[in-house]
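Hi everyone, thanks for coming. I'd like to walk you through one model today, so please have a look at the screen.

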Amino acid sequence: MKKIIAAGAFGLAMGVSGMAFAEPVKIGMITTLSGGGAGLGIDVRDAFTLAMKKANNPDIEIVTEDDAMKPELAVQIADKMVQSDKVDLMTGIIWSNLAMAVVPSVTGQGVIYLSPNAGPSPLAGANCNENYFNVAYQNDNFHEAMGQYDNETYKKTFILAPNYPAGKDSLTGFKRYYKGELAGEVYTQLGQTDYAAEIAQIRASGADSVFFFLPGGMGIAFVKQYAQSGVDIPLTGPAFSFSQDVLPAIGDAAIGVKNSASWSQDLDNPANKEFVDAFKAEYGRLPSVYAAQAWDTANLILSAVEKADVTDKEAFRAALKEADFDSVRGSFKFNTNQHPIQNIYVREVVKEGDVLTNKIVGTAFENHEDAYAKDCKM
């Protein structure tokens with residue numbers, strides 16, 4: 001179990017005079033720092049930590065631990081953070097099966113949880129909670145955008161995703177907007193690395209396109225094997241399949257692939273330019289969508305700390321819901337279920353010199369709301 005404590009150097013970069021809180025704020029971060037999904041968690045940790053470092057507020061402390069993609073371990077860590085470490089806020093989880101294990105317990109104990117990534121549908125709908133804020137998306141959203149976009153070009157799509165909550169939300173979201181025929185629908189094992197059987201199914205399916213959601217090491221393995229197979233059917237997917245954290249490992253096989261996201265490194269706004277420049281300067285690499293979401297999560301917390309004492313839960317929740325910060329995504333606000341209303345873009349993988357990255361080529365949705373807010377009774 002990896003534990004990192006970072007204290008000090010945390011407040012708003014815009015100035016920290018007149019802080020509203022009386023006591024130090026302790027933030028518990030549980031994220032994936034080992035195994036096949038480590039790149040995602042590392043980007044979340046690095047961006048969150050950097051945002052806090054730039055803010056330079058000595059009264060915020062972060063306690064970080066590695067969940068190793070194991071729900072039972074994440075629950076143990078969460079209980080320790082709440083009951084022993086006495087954290088005020090929690091964040092960091094990448095995977096929806098871990099979020100479903102941790103978030104209801106944490107919020108039920110009165111701790112506010114802010115998701116920088118996982119957005120399972122139950123937590124957006126019937127199981128929403130006043131102590132749960134999602135600063136990333138609801139799981140269906142990016143996939144809905146590709147379903148909408150693929151209607152313009154494709155008529156018979158093969159779809160696949162891992163068999164866990166985010167995978168099911170993924171294909172549900174895609175099918176909500178895609179109007180063409182499905183050539184096949186397959187759920188793979190979470191963490192799977194051999195896709196020979198699925199690629200054979202795709203080859204024989206008669207599909208004119210493939211939509212897939214395979215984040216982290218899963219996506220790297222699939223795209224490499226797909227390219228080596230010689231199957232000549234276009235791929236599309238959400239940002240997670242072609243995020244900055246996996247593109248170097250995938251290589252040139254990713255060039256030209258369209259994918260969807262609420263953020264891209266080329267979004268033209270001052271907050272995004274500051275973020276991309278700062279991340280590159282600190283870590284020597286381009287940030288991913290996971291990093292962008294974590295950066296926004298940190299700055300959302302900082303904006304609330306300026307307005308309310310974290311021990312006054314009602315006031316602090318109200319300050320969070322105002323979302324009074326400059327998002328790297330530009331337009332950002334919370335819906336009634338405390339999930340984002342935001343634009344979803346279509347990006348294309350390009351090569352700039354020796355660096356693979358994404359560029360925006362279109363907008364699938366403006367001010368998009370998730371499908372589950374109507375079921376949230378807050």
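Let me start with how residues are classed: Ala, Val, Leu, Ile, Met, Phe, Trp, Tyr, Cys and Pro count as nonpolar, Asp, Glu, Lys and Arg as charged, and the others, Gly among them, as polar. With that, the lining of the second largest pocket comes out as 5 charged, 4 nonpolar and 1 polar residue.

Some housekeeping. This is a predicted model, where local features need pLDDT of at least 70 and side-chain atom pairs count only at pLDDT 80 or more, while totals for chains, interfaces and linings use all residues. Residues are numbered from 1 along each chain as its sequence is written, and side-chain values use heavy atoms, with hydrogens and water left out.

Back to that pocket. On a 1 Å grid over the protein atoms alone, a pocket is an open set of points with protein on both sides within 12 Å along at least five of seven lines, a cavity is a set where a 1.4 Å probe fits but cannot get out, and lining residues have an atom within 4 Å of a point. Volumes are the space filled by probe spheres set on the points, which are joined across faces, edges and corners. The second largest pocket has a volume of about 190 Å³, and its lining includes D43, R285, K351 and D354. Both domain 1 (2–137 + 267–334) and domain 2 (140–261 + 344–369) give at least three residues to this lining; the bounds come from an automatic or database domain assignment.

Now, how many cavities of 30 Å³ or more does the structure hold? There are 2. The largest cavity has about 120 Å³ of space. Of its 15 lining residues, N117, Y137, Y164, A166 and F213 are the closest to the centre. That lining has 11 nonpolar and 4 polar residues, and no charged ones. Here too, domain 1 and domain 2 each supply at least three.

The second largest cavity, at about 30 Å³, is lined by Q244, W263, Q265, P287, R347, T357 and N358. Its lining divides into 4 polar, 2 nonpolar and 1 charged. Notice Q244, which lines this cavity and also the second largest pocket.

Last, the record: UniProt, in an unreviewed entry, places "domain: Leucine-binding protein" at residues 24–353. Its positions follow the numbering used here, feature names are shortened, and annotations may be inferred rather than shown by experiment.
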